[in-house]
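The following briefing is intended for reading beside the sequence and the model. Topics are grouped so that each residue or element can be located in turn.

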Amino acid sequence: CVLCGRTDDCPEKYGEKKTYVEYNLTVHYYCLLMSSGIWQRGEEDEGVDGFLITDIRKEVNRAAKLKCNICKKKGASIGCVAPKCKRSYHFPCGIQKECIFQFMEDFRSYCWEHRPVQKFPDKESRGTSQCTICLDLVEQLPLYTVLKSPCCKNAWFHRECLQYQALSAGIFFFRCTVCNNKDKFQKEMLRMGIHIPEKDASWELEENAYQELLQCYQHCDIKRCLCKKGRDYNEPDSKWEIKRCQCCGSRGTHLACSSMKSWEQNWECMECRSIFAKSGNYSKQKRSLATSEKTDRTTCLLEEPSPKCPRLSPGSQRSFLLHSPKRMCQNNSSPCTHLEIPASNRVMTSLSPLMSDKNRCLRKKHLRKQRREASNILKELNLQVNRKTSRLYINAENIWNSALKGFRQRNFSPTNTIEIKFTNFKNRSKTDTSAASKHHFFQLLMLHLQNSSLFEGSSAKNLSLDFDAVKEDLYFEAGKMIAVSLVHGGPSPAFFSKTLFSCLVYGPENVKPALEDVADVDVAQTIKMIQHANSLTSLQSTIHNCYEFLAASGCLRPITSLCDKNMLVDDILFHHVIKRIISPLESFRQGLETLGVLEKMQTHPDAFSSILCHKPERLSAETICDLFTIHSSSDVNKSSFVNFWMGYLQDVESGESVVTLEDILLFVTGSFSIPPVGFDPEPTIKFLHIRYPVGKRLLNCLELPITKSYKQFKNKMEVTIRNTLRVERG
């Protein structure tokens, strides 16, 4: 529905939902009928039941600026008509909050606080009675769900039962079920929000509903029937014509069987004769129920619906936005006791260097622990990968398009082992293993995503709004690629903002974005101007200057005090960072569901935050040392050569070498960094009687030469690693 935004199709609650393809319009009848800024200006066959299409479009635009006081979403087209009440809401929200909608005259609506109530005498006893429609118990209390008949003292109803009864009976047959009063009963029920449609009763509209009444009773019920052709035989204008009881019409006789003449019309069956005899009433005149009540349909309510009167809608004028007291500050004594102090004015107590170092060390330790947990989880997910291979042909100079083509090919499956072939690296296949090529591919892919138009921000990134990407479903593919990279041994993106991560894990409705999440400079400047407004006048002036932006983003709200700026800032942040990209976010979430990654993120948020929101820990000598398991033959003195290896790592870390720790890792594994899932197989070191070190990337094994001195060891390491990588890099 263009007015309430719901897809519910419940005619009893929201009226008939109609879709008009020629106008690209879907609307609930009650939502349209009760909207405050629209009235029927056309004939019944014009537009939508007399509501012109142009008027409906204007009403949708007007409602788009109003926030529902119940669900807090935009599009609240209905306003309370009570004086000074500025509440607005959607029709379904109003029903849920027990608002009253009067389907008569100018179609007024009352919020839950100002709705009309039925008055009961104080002396009237309270208890329970039966609802005269469903016969279930109903409490005799002035509740929204309970209604009392205005014409009968002991007639109580459930509101829901009355509404169903009204929809079924229509305006011509809806009346008190006890005394049959119609005018007084309908007037009170309309006042209390019962919709009585101007139509005939449902049972009158059923096809062939009274077909059996059109069939004349043709059966002889005399104890001894004389007709040889049977009791059901009927021949008009003969002695075998069947006459019916003039009182009940449910009994009959052949003229000959009751010795009647053809001109005789009056005949009563035995049952009716006995009743008349006991009552002493021998009147033969049949009393018609139709004459017992004079029904004048010209005087019934809603005979000619009055056109809806236009009413000034909240938010229709700019001056109202700045002066209407729709939402007051909670603390009346001090209207702005909780102003947000700009960051520049805050006094920060600096920690001592010792305490700062200690905290930094504790944070690093905690981060390592969380990354180990994430690694174990990803290893479990990696068990889904089978031996069947999916080969991707990748052009490193056009990484995104070639990756997208590979992921969308028919035979690609995330559970298959991925094999990468670079089409533009002539020498890569000679030196790289499949694992090294795969890691290099995912590394290039994550780097491309980080700098793509799908994300915005400097270092910590949120999703951006790219309409072409939405149309081509690229957000889904990006999420899928990240999930596959994590499970298949590629690097993590490590550029998620905390806000993006929280939206994925906890849901966007539970996230409060910050100013740092706004990448648009103009929007950020607007927010800062609102935040730094130090008086109500300057705040109103700022809002006036950015009125068009606030209206377009649906963030217009009444400003009555300075503290309202905080809620306005929250609205702008939520719209720009989250609500604006809700469609890309949902597609991105679906992509991350690949291989069960999103489910694990939601189960272990701290662990995955350590790899998605934080850059990988910089390699250190200690990290490399812990990464490798050392093996040696029995004839080798392990301790002395281990010291050579440790000493070399220390020299590299301190800059006393021509290679880096990343070069060493690349030489052995084909990767610059340690992937979140770890290496498979785990890296090992062997000390052998060989001339130069050898990096076996297929096994992640580093074979080191046995030398007589550390100087020889260091020289051989540097020459081999430097020359090997130089050749690979071309």
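**Briefing**

H439 sits in helix α13; helices (H or I, at least four residues) and strands (E, at least two) are DSSP runs, numbered from the N terminus. The model is predicted: local features need pLDDT of at least 70, side-chain atom pairs count only at pLDDT 80 or more, and totals for chains, interfaces and linings use all residues. Residues are numbered from 1 along each chain as its sequence is written, and side-chain values use heavy atoms, with hydrogens and water left out.

**The chain as a whole**

- The protein chain holds 27 helices and 20 strands.
- Of its 730 residues, 45% are buried, where buried means under 20% relative accessible area, exposed over 50% and partly exposed in between (1.4 Å probe, protein chains only).
- Among contacts in the protein chain with a separation of 6 or more, 61% are between residues 24 or more positions apart; a contact means heavy atoms within 4.5 Å.

- H439 counts as buried because its relative accessibility is 5%.
- Apart from neighbours within four places in sequence, H439 contacts G489, G490, P491, S671, F672, S673 and P675.
- One of these residues, P491, is 52 residues from H439 along the chain, and their C-alpha atoms are separated by 7.4 Å.
- V597 belongs to helix α22 (residues 597-603) and is buried, with a relative accessible area of 0%.
- With residues up to four places away in sequence not counted, V597 touches L381, A483, L486, V487 and L592.
- V597 and V487 lie 110 residues apart in sequence, with 8.1 Å from C-alpha to C-alpha.

**Nonpolar cores**

- A nonpolar core is a set of buried Ala, Val, Leu, Ile, Met, Phe, Trp, Tyr and Cys residues joined through side-chain atoms within 4.5 Å.
- The largest nonpolar core has 77 residues, and F441 and M601 touch the most other members.
- Helix α15 (residues 474-487) gives the most to this core, contributing nine residues.
- Domain 3 (385-508 + 581-613) and domain 4 (515-578) each supply at least three residues to this core; these domain bounds come from an automatic or database domain assignment.
- Leaving out residues up to four places away in sequence, M601 touches F501, L504, V505, L592, F608 and L612.
- A second, separate core has 33 residues, including L3, Y30, I56 and C93.
- In helix α3 (residues 53-63), the buried residues are I53, D55, I56, E59, R62 and A63.
- The cover over the buried residues of α3 includes β2 (25-28) and α2 (29-34).

- Strand β20 (residues 701-705) is largely enclosed by the rest of the structure, because five of its five residues are buried.
- In a regular strand the side chains alternate between the two faces of the sheet.
- Both faces of β20 are covered, with C701, E703 and P705 buried on one side and L702 and L704 buried on the other.
- Strand β18 (residues 684-688) pairs with β20 in the parallel sense over five bridges; strands pair if DSSP finds at least two bridges between them.
- T684 stands opposite C701 in β20.
- Strand β19 (residues 694-696) runs antiparallel to β20 and is joined to β20 by three bridges, with V694 as the bridge partner of E703.
- A hairpin is formed by β19 and β20 with four residues between them, and N700 in the turn has a positive phi of about 55°.

**Pocket and cavity**

- On a 1 Å grid over the protein atoms alone, a cavity is a set of points where a 1.4 Å probe fits but cannot get out, and a pocket is an open set with protein on both sides within 12 Å along at least five of seven lines; lining residues have an atom within 4 Å of a point.
- Grid points are joined across faces, edges and corners, and a volume is the space filled by probe spheres set on the points.
- The largest pocket has a volume of about 1,400 Å³.
- Its lining has 43 residues, of which R371, P616, E617, I674 and P675 lie nearest the centre of the pocket.
- Helix α10 gives the most to the lining of the largest pocket, with seven residues.
- One cavity of 30 Å³ or more is counted, and the largest cavity holds about 50 Å³ of space.
- The largest cavity is lined by N462, L463, T499, L500, C503, V577, I578, I581 and L585.
- The largest share of that lining, three residues, comes from α16.
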